[in-house]
Amino acid sequence: MGDPVVLIYDEQCAAYAASGHPERPQRVLSSAARLREQTKISFEWHAPRLAPREAILRAHRLAHHDAVATQKHAFDEDTPSHEGIYHHALRAAGGAMDAMTHATGGKKAFSLLRPPGHHATPERAMGFCYFNSMGIAVLEAVHQKGLRVAVFDFDVHHGNGTEEMLLGCPETLFVSVHQSPCYPGTGLVHHPPNARNYPIRPHTKAKDHRKALLRALEDVHAFQPDLVGVSAGFDAYRLDPLAQASLEVEDYLWIGEQVALLPCPAFAILEGGYSEDLGQLVEAFLLGWSISTGEHMDPQGSNLQPTMKTR
Ligand SMILES: [Zn+2]
């Protein structure tokens, strides 16, 4: 049994749905059930808080905040305006912030909530995403804790919203491995000074996909962050209905092991992943992360010293 993992979850996040939509409640319900049943990983279950308004407004324009709070019509054809979506999006962002806080305390923390966030830009909901939970948590860590933070996004889709939110913020690095061509069509090249993109072709073999992930992780290591936020999407799985990547269950275990080898504490949040096997993939990732003993993991978190001044 490896280190206990803080698992941030609230089944209220399953309380919205659109008929036929792939981003469905069963994603988190079945994943949570599977994690409860398994015995290889020990979890500390925590309920998330709602993200405070000031944290949202650090990442998003006021007009976008207000649109998520009040808009009654769909944001785009993928992104309906559900009853109560404002609270669901605040909860997912709060879960990311809580995971970030647990990580700065030296724990491994994973937020298993929906909606996902990495496509939401400072001013727009899109691609099943309303508030950008990762961007919100990262900017909180930068501005409230004075940390240098890298984002490692392994969702099969480019995290365009997170990239746009962090671009030009010198205390942050965004790195992404994603399929191209694929939604949303961005992330084809690196965007200086602080966004590194590694697009891969559809049907890329898993071993070559791993090579791209390792190149991205080299960038993370070179940045020498105090903290890493992992946008954990599981839709690069071979059987995922929304893309044409080739990763298998064991590849997600391997990704978890790579996260454990990062030079600093990390937190992770659920982004995409639409196959029936999502729970198995999440479990494999968390198992790989929890059983690998990263030398950097100081249980007291005393190795986590701010290196950058708050802007
Ligand atoms: Zn995705």
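How are the donor residues of the zinc ion spaced in sequence? The spacing is D-x1-H-x77-D.

This is a predicted model, in which local features need pLDDT of at least 70, side-chain atom pairs count only at pLDDT 80 or more, and totals for chains, interfaces and linings use all residues. Residues are numbered from 1 along each chain as its sequence is written, and side-chain values use heavy atoms, with hydrogens and water left out.

**View 1. The zinc site.** D155, H157 and D235 coordinate the zinc ion. Donors are N, O and S atoms within 2.8 Å of the metal (3.2 Å for Na, K and Ca); water is not among the atoms, so sites may look incomplete. Angles among the 4 donor atoms are 53 to 153 degrees, and the site is irregular. Four donors count as tetrahedral if all angles lie between 85 and 135 degrees; four count as square planar and six as octahedral if opposite donors are over 155 degrees apart and all others between 65 and 115; anything else is irregular.

View 2. D155 has 0% relative accessibility, so it counts as buried. H157 is also buried, at 6% relative accessible area. Buried means under 20% relative accessible area, exposed over 50%, and partly exposed in between (1.4 Å probe, protein chains only).

**View 3. Helix 8 and its packing.** Helix 8 covers residues 249-260, 12 residues in total. Helices (H or I, at least four residues) and strands (E, at least two) are DSSP runs, numbered from the N terminus. From first C-alpha to last, helix 8 reaches 17 Å, close to the expected 16 Å. The expected span is 1.5 Å times one less than the number of residues. Its buried residues include W254, I255 and V259. The buried residues of helix 8 pack against strand 4 (149-153), strand 7 (227-232) and strand 8 (266-270), as well as helix 7 (206-223) and helix 9 (278-291). Contact means heavy atoms within 4.5 Å.

**View 4. R91 in helix 4.** R91 lies in helix 4, residues 85-104. At 6% relative accessibility, R91 is buried. Not counting residues up to four places away in sequence, R91 touches D10, Q12, C13, P48, R49, L50 and L113.

**View 5. The chain around these sites.** The protein chain has 9 helices and 8 strands. Buried residues make up 62% of its 311 residues.
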